[in-house]
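Dear colleague,

I am handing over the structure we spoke about, and it is placed directly below. After it you will find my notes on what turned up when I went through it.

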Amino acid sequence: MNICIIGMGYVGLVTGAVFADLGNDVIGVDKDKGKIEVLRKGLMPIYEPGLEEIVRRNMDEGRLSFTTETALGVKKSEIIFIAVGTPPKDDGETDLSFVESAAAEIGQTLDGVEEDDSALRYKIVVNKSTVPVGTGALVSDIIEKYKRNTIPCHVVSNPEFLREGSAIADALHPDRIIIGAPNREVAMRLIELYAVLERPMIITSVRSAEMIKYASNAFLATKISFVNAMANLCELVGADVDEVAKGMGYDPRIGRDFLRAGLGFGGSCFPKDILSLIHVSDEYDYDLKMLKSVVEVNEGQPARFLAKIRQEMGDLRGKTVGILGLAFKPNTDDMREAVSISIISSMLANGTAVKAYDPVAMENAKKIFPHLTYCHSAYEVAEGAQGLVVVTEWNEFRQLNMDKIKSLMKEPLIFDGRNIYDPQKMKSKGFKYYGVGRYIQE
Ligand code: NAD
């Protein structure tokens, strides 16, 4: 099939590369000229394991190309994916301006398509961006407003569930594919596109598909805040949240995933999607109290942890603290809504000297914190530090040589914000250890 993807970010680029790899002809569009130039050179504007190889191979084999011209992609394609950003406004409402401008450009292009012999004449526009319920209808209205002809154009909702860090594998083996289509024929075209993946497909209305994405993210975020609330209680009652979560997780109705206590969730999706859902419910006069509590617990986690650090270390002014991990989660360079931002901001505001290391996110972190001391390894971070804070659970931090870390640090103090270390082991190595909801035997 001929496919156009508008928006070459984490979702659009991965989706485009995977569709090309499955044998489709894909044109990737982005307004960001710099991004397109980088991609045309076969380089990656983002860090995503395995992406460069698959992009280059499909470019070399002529199935994947990049342009800044939306019209070029729209004319040549039967299926047009919108995968642009949907950031939050200050009040939590989703900013749909990128989606609206992509829809307007599609409509404007279709307006001239009748006279263009090289253009395909049947179009399906697919919202892959995460958008509030009703956006399918909005996109359809915008396209119709501009196109002023009878070329058939249907709008589908096909939300994306890939996770940064394992995006390629997720796009090739999704747990489910949601196709919110206005009618059977349109749904069939999407089924044909995805059939090769041999994964479960669920056909729904456009509005249900839009809700499925938000409801899924809201549920996962709820699990995280739930276990964090339990962690906070465990600390008070003398239980260990990791043991509690393990004991709960073997119940298949509960499941083990997303039951890891820590500093809470960040990233480009959960925080904004939950605020968006709350905003939509407020608009419908439904008080989504449950999700408001999820946000409250999440926002409280870094502050609780900082209080722990201050209680142990006292006034942080003039002290040196090492930060392990900056990205919002491991295996990505994405710093959007990363917990490291609030932790480091608070420390800097208190006059703390912060040293930090992240395997891939430091370039992005420098845009937020240009003046931190960035290090080349966890060991360099430990050198002279009076406390070490684990913020992102990169695998390479799990098996550090703790004797070496201790010998480098000024004070053997570990604040494990992701519970990656065994408290007893840390104690036996001579560290004073703090985790989230952990029980440490005296
Ligand atoms: P991103 O910010 O990484 O990329 C968006 C891209 O769209 C940018 O490169 C931007 O330049 C481009 N763009 C904006 N307007 C454009 C236009 N009119 N024409 C062409 N290009 C345009 O965003 P992302 O992380 O890939 O997320 C995209 C959408 O997918 C969002 O709605 C997000 O919520 C959703 N989503 C993201 C993830 C994730 O893990 N990042 C997962 C599932 C769903």
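I begin with Glu363, which is exposed, with a relative accessible area of 54%. Please keep in mind throughout that this is a predicted model. The partner of Glu363 is Lys366, and the side chains of the two meet in a salt bridge with an N to O distance of 3.1 Å. Lys366 is partly exposed at a relative accessible area of 36%, and because Lys366 and Glu363 are three residues apart in helix α14 (residues 362-368), about one helical turn separates them. Elsewhere, salt bridges that share partners join Asp240, Asp242, Arg260 and Arg438 into one network. The count of salt bridges comes to 26.

In one of them, Glu192 pairs with Arg189, and the closest N and O atoms are 2.4 Å apart. Both residues belong to helix α8 (residues 184-194), where Glu192 and Arg189 are three residues apart, about one turn of the helix. Glu192 counts as partly exposed at 44% relative accessibility, and Arg189 is likewise partly exposed, with a relative accessible area of 22%.

The other is the salt bridge between the side chains of Lys128 and Glu160, at 2.9 Å from N to O. This pair links distant parts of the chain, 32 residues apart, with Lys128 in the loop between β5 (123-127) and α6 (135-147), and Glu160 in the loop between β6 (153-157) and α7 (167-172). Are these two partners buried or exposed? Lys128 has a relative accessible area of 3% and is therefore buried, and Glu160, at 13% relative accessibility, counts as buried too, since the cut-off for that class is under 20%.

Helix α7 is also the place of Asp170. Asp170 is buried, with a relative accessible area of 11%, and the side chain of Asp170 makes a polar contact of 2.7 Å with the side chain of Arg163.

Which residues are the closest to the ligand? Of the 28 residues that surround the ligand, the closest are Asp30, Lys35, Thr86, Glu164 and Lys272. For Asp30, a polar side-chain atom lies 2.6 Å from an oxygen atom of the ligand, while for Glu164 an N or O atom in the side chain is 2.7 Å from a nitrogen atom of the ligand. Tyr10 takes part through its backbone, an N or O atom of which lies 3.0 Å from an oxygen atom of the ligand. Taken alone, the ligand exposes 830 Å², and the protein buries 90% of that area.

As for where the shell around the ligand comes from, α1 (10-21) and α5 (97-111) each supply at least two residues, and α5 provides the largest share, four residues. At the level of domains, the shell draws at least three residues from each of domain 1 (2-204) and domain 2 (237-434). By class, the shell around the ligand is made up of 10 nonpolar, eight polar and 10 charged residues.

With best regards

Note on methods
Residues numbered from 1 in each chain as written. Predicted model: local features only at pLDDT ≥ 70, side-chain atom pairs only at ≥ 80, totals over all residues. Heavy atoms only, no water. Salt bridge = Lys/Arg side-chain N within 4 Å of Asp/Glu carboxyl O. Buried < 20%, exposed > 50% of the residue type's maximum accessible area, 1.4 Å probe, protein only. Near = heavy atom within 4 Å. Polar contact = N/O pair within 3.5 Å; in protein donor to acceptor, adjacent residues only side chain to side chain. Areas by Shrake-Rupley, 256 points an atom, 1.4 Å probe, with all protein chains shown as cover. Nonpolar A, V, L, I, M, F, W, Y, C, P; charged D, E, K, R; others polar. Domains from an automatic or database assignment.
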